[in-house]
Amino acid sequence: MKRYNCFFIALCLLMVSVGAGAKEYVVAPSNAFAIEAALQQGRMDKIHGDSSQTVIRLLQGEHRLVQSIILRPEDSGVHIIGEQGATISGGVRVTGWKRQGKMYVADQPMFNGRPLCFRQMWIDGRKAQRARDVDDFEKMHRILSMDKKKECLYVPAEAVKRLKNIEGVEMVLHEMWCIANLRIKTIEMMGDSAAVYFHNPESHVHFMHPWPSPMVTTDGHNSAFYLTNSKDLLDSEGEWYLDERIRKIFYLPRKGENPNEMDVEVPAVETLLKTEGTADNRVNSVLIEGVGFEYATWMRPTYEGHAPLQAGMYMTEAYKLKPKMERKDNHKLDNQGWVGRPAAAVSINHADKMAFRNCQFTHFASTALDFHLYIKGGEVSGCKFTDIGGSGILAGTFGPEGHEQHIAYAPTDEREVCDGLVIADNMISDAANEDWGCIGIGAGWVKNISIEHNDISDVSYTGISLGWGWNRQVCCMKNNLVCGNLITHYAKHMYDTAGIYTLGAQPGTKILENVVSDICTPSYVHDPNHWFYLYTDEGSSYITVKDNWTPSEKYLQNANGPCNVWENNGPQVSATIKAAAGIRKKQ
């Protein structure tokens, strides 16, 4: 094997001839632009008539980024292979900690010429807790009432009395199937209660939309909340706080900890890798194998708050309809809404046959892996997803920002719809650990998608969500398959949930031979009985639900459309089917 240097990235990149059919570029983790340089060299080889396949091999270590890696149509056919321990990181290491009383203090790091703001911090791979008012979510306070016209919530005075400075403080509010991140603007003490007002834009959209909503009930299940991001709340070991005014990070260590002897990481890059092409010129046949992706940020809640509709899709405008709107073949509609999509650590658009195999995704603020628009084929297999702030995997559009959410989606250019993606034999655990309303695997308006033999556990809301639209009109969704998945310990924080959940008309769609069990039982949910193993929600139509093992037949068919088939679901399903669910053994 002949090996020689390519000097355009200061000896951190080697080109290796591996035969007539391929050229391999070996990338050491020593330069933020080394992977980009290898891609550019592969493109130049093609321009000059070299038909060899480009293979980029990442050596063991952290390949730290200062911006996204972008795969373009010119990179079609490239293979990016990670040696064991090779990771692509969007993190920045925090050093120079100094003891100050019980705390350690470090300077806010700079990144690309500016002070770096962040919402997460990890210490030796363990997510440290951003300062909050309760250590145990079971001890969260509950709201007393709300005033939508004044855009305020009334809470017990005891809940906010510790706050001496409210700049930057957030309320994280539990709302049926979502949480809202609301930045506090002012607090008015009123005896044993307090009126809390919030910043815009989230205050306006949050109090205007009807669903989901803060709950005020007669049975003691008013919406729970916690407060975060204040030095006044920094009182438990393992908590931290970033004071942007003085550019200092404060950390209250656990017993025996010294952060100077540990790897302290904060996320800086929002999207580590993305594909960019056009509808007619796509990224094609790219394989990414054995690569670790870690430490990606998402800062929108800090600057604009976060008021989701469902599955983490945040509302940009929403309001109640008076009177309700008549809809053909559907029940009357009482609201309208438009949504945006959260950021993803790895974002795929305009890509055919894009494959991720045996990769690891961990330590993210938002979605881990997102296959969005103009997707044909593709594969996610044998991958591991852990410690994900939002959803593990998203697939397909959940509506362009100009599309009202309750209208069936059928774009003229059908290529826009995610088609034929296979998501198989992946492990997803500890997902939606910040945005509790997100999901393990979420598929919106998709067709011919196959979600098979994944192991999903310890998620805050639903395990697998398939479909979108709250509408029984046939649109672009069809022939989807959810088969052989093992879903356990779901709904850690949210209810109105299921292990497997569907929306909308999906002719030819099948939900077969899955195992769903071990629902979690948080005390603070709005309705402790409103949970299910299988749940076909509004408009679900033309779906076969068959041979799924669950401990009991606790299912819901809510405002469904025609032609659904339910057959042989429950504890009587054969032991063979039950044993086969989850990740398949490699042959």
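**View 1. Six cavities of 30 Å³ or more are found in this predicted model.** A cavity is a set of points on a 1 Å grid over the protein atoms alone where a 1.4 Å probe fits but cannot get out. The largest cavity has a volume of about 50 Å³, a volume being the space filled by probe spheres set on grid points joined across faces, edges and corners.

**View 2. The largest pocket has a volume of about 520 Å³.** Of its 34 lining residues, Lys-127, Tyr-226, Asn-433, Glu-434 and Asp-435 are the closest to the centre. A pocket is an open set of points with protein on both sides within 12 Å along at least five of seven lines.

**View 3. The second largest pocket holds about 440 Å³ of space.** Look for Trp-177, Trp-211, Asn-335, Trp-470 and Glu-538, the closest to its centre of 23 lining residues.

**View 4. Here is a look at cysteines in a model with zero disulfides.** A disulfide is a pair of cysteine sulfur atoms within 2.5 Å. For Cys-178, the nearest cysteine sulfur is that of Cys-438, 8.2 Å away. Cys-178 counts as buried (under 20% relative accessible area, with a 1.4 Å probe and protein chains only), because its relative accessibility is 0%.

**Notes.** Residues are numbered from 1 along each chain as its sequence is written, and side-chain values use heavy atoms, leaving out hydrogens and water. In this predicted model, local features need pLDDT of at least 70 and side-chain atom pairs count only at pLDDT 80 or more, while totals for chains, interfaces and linings use all residues.

Methods. Buried < 20%, exposed > 50% of the residue type's maximum accessible area, 1.4 Å probe, protein only. 1 Å grid on protein atoms, 1.4 Å probe; cavity = no way out; pocket = protein on both sides within 12 Å on 5 of 7 lines; lining within 4 Å.
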